[in-house]
Amino acid sequence: MNITPYIFWFLSVMALFSALMMVTSRNPVYSVLWLISTFFAISGHYILLNAQFLAVVNIIVYAGAIMVLFLFVIMLMNLNRETEPQKNRWLKLIGALAGGCLLLVMVAALKDAELQSQQAMVGTGSIGLIKVLGKELFTRYVVPFEISSLLFLSAMVGAAVIGKKEPAQTLKS
Amino acid sequence: MHLLAIDIWFILEKVTLIAVIIGLSFFIAMYTTYAERKVAAWLQDRRGPNRAGPFGLFQPLADGGKLFFKEEIIPLTSNRFLFILGPALAMITALITSTVIPWGASYVDGTTQIALQVADVDMGILIVFGIVSVGVYGIMIGGWSSNNKFSLLAAIRGASQMVSYELPMGLSLIAVLLMTGSLKMSEIVAHQIQHGWHILYQPLGFIIFFVCALAECNRTPFDLPEAENELNFGYHQEYSSMKLGFYLFAEYINMFISSAVMATLFFGGYDIPFVDESAWGLSPLLFSLMSFAVLMAKVLFFLFVFIWIRWTIPRFRYDQLMNLGWKKLIPLSLVNMLITAALTLWLNK
């Protein structure tokens with residue numbers, strides 16, 4: 001028997017449980033921490049699929065950078081259970097409706113998906129290794145890659161422009 | 001019956017290695033605190049700790065004992081779970097980083113081969129970065145859950161400082177990776193053994209990396225999260241007993257690990273300079289131990305430089321710190337990266 005299924009089940013349970021806790025916990029700081037735990041579980045799945053680069057980048061970018069920003073905002077706004085606005089009943093009802101619709105769409109989309117023919121390649125394949133991935137990105141997918149980098153650049157410039165201090169207003173006589 | 005197909009010897013080998021490395025990290029961190037006080041005393045023309053044992057060598061033990069026996073105070077208004085999680089996270093992230101560092105040449109004896117490295121994975125140095133970027137949480141959670149304005153301010157300072165200095169650190173590292181062509185730590189060392197240390201080709205990259213390492217470890221001149229004159233004590237203000245000890249200790253372990261990373265990336269890892277030690281025909285055990293000792297010598301040198309800088313250079317102001325990081329180090333490391341890329345392309349043509 002192989003150890004991979006055990007790790008898979010452990011990681012899946014961890015991911016689902018953390019995601020549930022993230023949604024249900026009242027304290028936003030706990031939510032962020034549960035989300036980080038979810039990211040780690042997903043990174044574990046990537047490692048099982050031998051997508052090492054994706055796993056590490058997922059940790060660096062999501063768990064390391066984006067969640068730090070989330071935590072910054074939450075800590076600085078000092079959101080607590082008392083200050084969290086209570087949503088009214090209608091919002092909850094509509095939320096349940098929207099969730100149900102999403103479930104229907106998911107069922108419709110996954111109905112025809114054949115699970116048998118698309119088994120995950122566990123622990124094999126080299127597409128997730130950095131050498132292969134880099135070559136693919138810079139040869140076959142170079143145009144989408146560069147376009148997405150341009151998008152990032154424009155987002156960065158936008159953030160810099162918005163974050164820039166207004167020059168002190170001088171009175172013109 | 002074989003329930004799980006696990007190689008017991010493999011697990012045993014790795015567990016032993018991990019235990020040794022963790023023990024070593026603790027030991028070195030312990031004596032770095034002693035070295036810090038001794039070097040400080042030396043630079044300030046004092047004697048330093050000299051009561052506990054010969055030359056005060058038992059001072060770290062006494063400090064540790066004191067921290068363990070101190071009363072533990074958890075503030076009433078703090079978030080109890082997170083308050084305990086903070087120092088634990090700081091310690092865990094400080095220790096995990098050591099997994100991918102090659103601590104010495106592999107022990108090769110006939111068919112058995114034992115690598116002095118816990119995991120020689122394809123991602124190598126990126127894993128170090130991943131863990132370092134997660135290391136922010138120890139400080140942030142500890143500072144926030146203390147429910148103290150000073151702690152919170154210090155935590156936010158520390159986190160933004162670490163996030164900012166990760167960027168030039170990564171960019172200066174790209175230049176090294178361009179030369180090596182691999183992220184594997186073992187291959188980075190092997191490349192340096194063959195082609196000379198990276199410090200010869202990447203002096204600017206090393207300086208940037210070193211400055212960023214100082215900032216990542218919250219060491220002077222970048223120890224703004226612990227600026228006593230503005231923040232009383234820093235993000236661990238409300239901590240007492242061994243929880244405080246964990247925070248302080250994690251800092252020293254971080255210093256140790258970042259010294260090891262710098263030695264590996266820029267100073268040839270376990271390579272002995274100027275000679276080809278693999279041609280000496282030493283016995284494999286001696287060879288491995290010697291390479292490990294060489295790496296340790298380099299690490300101890302870096303630790304000394306860390307301490308030396310702390311007692312020489314005064315603290316920056318916070319805006320100066322941010323200006324240095326974003327407006328000087330990032331452009332510098334970008335230029336360094338571009339030049340290295342162009343030269344690599346030109347020379348390999």
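Mentor: Let's start in a loop: Asn50(A) sits between helix H2 (28–48) and H3 of chain A, where helices (H or I, at least four residues) and strands (E, at least two) are DSSP runs, numbered from the N terminus. This is a predicted model, in which local features need pLDDT of at least 70, side-chain atom pairs count only at pLDDT 80 or more, and totals for chains, interfaces and linings use all residues. Residues are numbered from 1 along each chain as its sequence is written, while chains are lettered from A and ligands numbered from 1 in the order in which they are written.

Trainee: What does the secondary structure of chain A come to?

Mentor: Six helices and zero strands, which read along the sequence as α-α-α-α-α-α. Of the 173 residues in chain A, 13% are buried.

Trainee: How do I check the length of a helix?

Mentor: Compare its end-to-end distance with an expected span, 1.5 Å times one less than its number of residues. Helix H6 (residues 142–163) of chain A has 22 residues and reaches 31 Å from its first C-alpha to its last, close to the 32 Å expected. In chain B, helix H1 (residues 8–43) has 36 residues and should span 52 Å; its end C-alpha atoms are 51 Å apart, which agrees.

Trainee: Which residues of H1(B) are buried?

Mentor: They are Ile21(B), Ser25(B), Ile28(B), Ala29(B), Thr32(B), Tyr34(B), Ala35(B) and Lys38(B).

Trainee: What follows H1(B)?

Mentor: Asp45(B), with a positive phi near 60 degrees, in a residue other than glycine. Asp45(B) lies in the loop between H1 and H2 of chain B, and with 6 other C-beta atoms within 10 Å it is exposed. Asn218(B) also deserves a look: it is not a glycine, yet has a positive phi of about 55 degrees. Asn218(B) belongs to the loop between helix H9 (203–216) and helix H10 (228–231) of chain B, and it is buried, with 24 other C-beta atoms within 10 Å.

Trainee: How many residues does the contact take from chain A and from chain B?

Mentor: Two residues are in contact if their C-beta atoms, placed from the backbone, lie within 7 Å. The contact takes 18 residues from chain A and 21 residues from chain B. Helix H3 (residues 52–77) of chain A gives the most to the chain A side, with twelve residues. That side divides into 15 nonpolar, three polar and no charged residues; Ala, Val, Leu, Ile, Met, Phe, Trp, Tyr, Cys and Pro count as nonpolar, Asp, Glu, Lys and Arg as charged, and the others, Gly among them, as polar.

Trainee: How do I read the packing of two helices?

Mentor: Axes are lines fitted to C-alpha atoms, for helices over the stretch in contact, and angles run from 0 to 180 degrees between N-to-C directions. H3(A) and helix H4 (residues 125–134) of chain B pack at about 15 degrees, with their axes 8 Å apart. That makes H3(A) roughly parallel to H4(B); angles under 35 degrees count as roughly parallel, over 145 as roughly antiparallel, 65 to 115 as roughly perpendicular and the rest as oblique. By class, this contact of H3(A) with H4(B) has nine nonpolar, three polar and no charged residues.

Trainee: At what angle do H3(A) and helix H6 (residues 149–180) of chain B pack?

Mentor: About 155 degrees, with their axes 11 Å apart. That makes H3(A) roughly antiparallel to H6(B). Ala65(A), Val68(A), Phe72(A) and Met75(A) in H3(A) meet Leu152(B), Ile156(B), Ala159(B) and Val163(B) in H6(B).

Notes: Buried ≥ 20, exposed ≤ 12 C-beta atoms within 10 Å, placed from the backbone.
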